[in-house]
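Please open the structure in your viewer and keep the selection tool at hand.

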Amino acid sequence: MGIAPVYHPYFRGKQFELIAVRETAPTLAAMGFVPIIEPVRESLSGLEKALKAICEAGGRAIVIVNPYHGDHQEDGASITNLLQGGYIGNDAISAGILLRSDMALADATEKYEAHADHNPTFVHAGFTAQKSLADYLGSGLAASRHVFIEDHANTLYRKHFDGSTRVLVRDGFKRRKNAEYAKIEFEEFSELHLTYSSDLNMQGFGDFLIVGDSYSETGGPAYAVAIHLTFIDPEKDDVMYIYHFVSTTNDTPTDPAGKFAQALKKLIDKLNTGKSKLFETDAIKEFRELHANPIYSREHGRS
């Protein structure tokens, strides 16, 4: 018997996010994690590779078929075609129906019926016809699945879907300019992993990782480089916190590699105290290996 799907990390499907899902697919499957992927790039080749890796690892995923952000905002037909081409009747891959404030009940039910063969999941993110949707589901409510973005679905909203499978996603990342994180060593990220079941009557929880719910197509050279890492603090009721390791240099947009080296040194220094409470994951091991790399030492002056 597999692990019950509890944790649902929300990814916007840019290239690096999809690579991360693909490369960690065995770990996601082993832990029972179910990524929610909102495709934002016109090309779906990266998404297809990620879904293939998830299925080969015996994992599960939810794919938003009507994205709000990115290249498929106006038409998600190609995403539906991808699911129809290889995932009909495959319960490992669920069609996520994103319920925004501009979606009418008729549009929601049409999407639901069109994806009946794709193990559909409703993703609530500003929808205003919740009571009507619950009435529409009727006797099928108990068999339905719902993901609630917390900022858009309060307790009364969620109550309409009592008895169904329910997941609560919280944005625990406080977004700032990178340089501003230098003033804060760490801060609270989330306690949902402790409260989702007993206090909130949910069957699962999720977050937007260390990226947050905001989305932007633009970008540019950063004045500061920041490495964000979450950790559980057993001395504070096992609440999850997030470290911010920020480069010392932050007055110009030049030398991003050098700034990364500065942030990485702060991370390694914290790890080496033995009191960081960071779990030594594969990612931490890669940070250690990078810091110990002779090329890194020579180019960035590590002592």
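**Stop 1: Two loop residues**

Begin by selecting Asp238, which lies in the loop between S10 and strand S11 (239-246). Helices (H or I, at least four residues) and strands (E, at least two) are DSSP runs, numbered from the N terminus. The model is a predicted one, in which local features need pLDDT of at least 70 and side-chain atom pairs count only at pLDDT 80 or more, while totals for chains, interfaces and linings use all residues. Residues are numbered from 1 along each chain as its sequence is written, and side-chain values use heavy atoms, with hydrogens and water left out.

Asp238 is not a glycine, yet its phi is positive, about 65°. Most residues other than glycine have a negative phi. With a relative accessible area of 34%, Asp238 is partly exposed. Here buried means under 20% relative accessible area, exposed means over 50%, and partly exposed lies in between (1.4 Å probe, protein chains only).

Next, select Leu209, in the loop between strand S9 (204-207) and strand S10 (226-233). Leu209 also is not a glycine and has a positive phi, of about 55°. Its relative accessibility is 26%, so Leu209 counts as partly exposed.

**Stop 2: The largest nonpolar core**

A nonpolar core is a set of buried Ala, Val, Leu, Ile, Met, Phe, Trp, Tyr and Cys residues joined through side-chain atoms within 4.5 Å. Select Val21, Leu47, Leu51, Leu83 and Ile93: of the 22 residues in the largest nonpolar core, these touch the most other members. At least two residues of this core come from each of helix H1 (15-23), helix H2 (25-31), helix H3 (45-56), strand S3 (61-64), helix H4 (77-86) and strand S4 (93-100). Which element supplies the largest share of this core? It is H3, with five residues.

In general, nonpolar side chains in soluble globular proteins tend to be buried together.

Now centre the view on Leu47. Apart from neighbours within four places in sequence, Leu47 is in contact (heavy atoms within 4.5 Å) with Leu18, Ile37, Pro39, Val63 and Leu82. A second, separate core has 21 residues, including Ile97, Phe122, Leu141 and Tyr157.

**Stop 3: Helices H1 and H3**

Display H1 and H3 together. Their axes are 8 Å apart and the helices pack at an angle of about 15°. Axes are lines fitted to C-alpha atoms, for helices over the stretch in contact, and angles run from 0 to 180 degrees between N-to-C directions. H1 and H3 are therefore roughly parallel to each other. Angles under 35 degrees count as roughly parallel, over 145 as roughly antiparallel, 65 to 115 as roughly perpendicular and the rest as oblique.

To see the contact, select Leu18, Val21 and Arg22 of H1, and Gly46, Leu47, Lys49, Ala50, Ala53 and Ile54 of H3. Ala50, in helix H3, has 0% relative accessibility and so counts as buried. Not counting residues up to four places away in sequence, Ala50 touches Leu18, Val21 and Arg22.

**Stop 4**

Select helix H6 (residues 130-137), whose buried residues are Gln130, Leu133, Ala134 and Leu137. Why are they on the same side of H6? They are there because they cover an arc of only 100° around the axis, the arc being that of the directions from the helix axis to the C-beta atoms. The elements covering them include S4, helix H5 (105-114), strand S5 (121-125), strand S6 (145-149) and helix H7 (155-159). After H6 comes Gly138, with a positive phi near 50°.

Leu105, Thr109, Tyr112 and Glu113 of H5 make the contact with Ser132, Leu133, Tyr136 and Leu137 of H6.

**Stop 5: Arg158**

Move to Arg158, which is in helix H7. Is Arg158 buried or exposed? At 6% relative accessibility, Arg158 counts as buried. Leaving out residues up to four places away in sequence, Arg158 touches Phe148, Glu150, Ala153, Arg166, Leu168, Leu200 and Met202.

**Stop 6: Helix H10**

Finally, select helix H10 (residues 282-292), whose buried residues are Ile284, Phe287 and His291. They cover an arc of only 55° around the axis, which puts them on the same side of H10. The face turned away from the buried side of H10 carries the exposed residues Asp282, Glu286 and Glu289.
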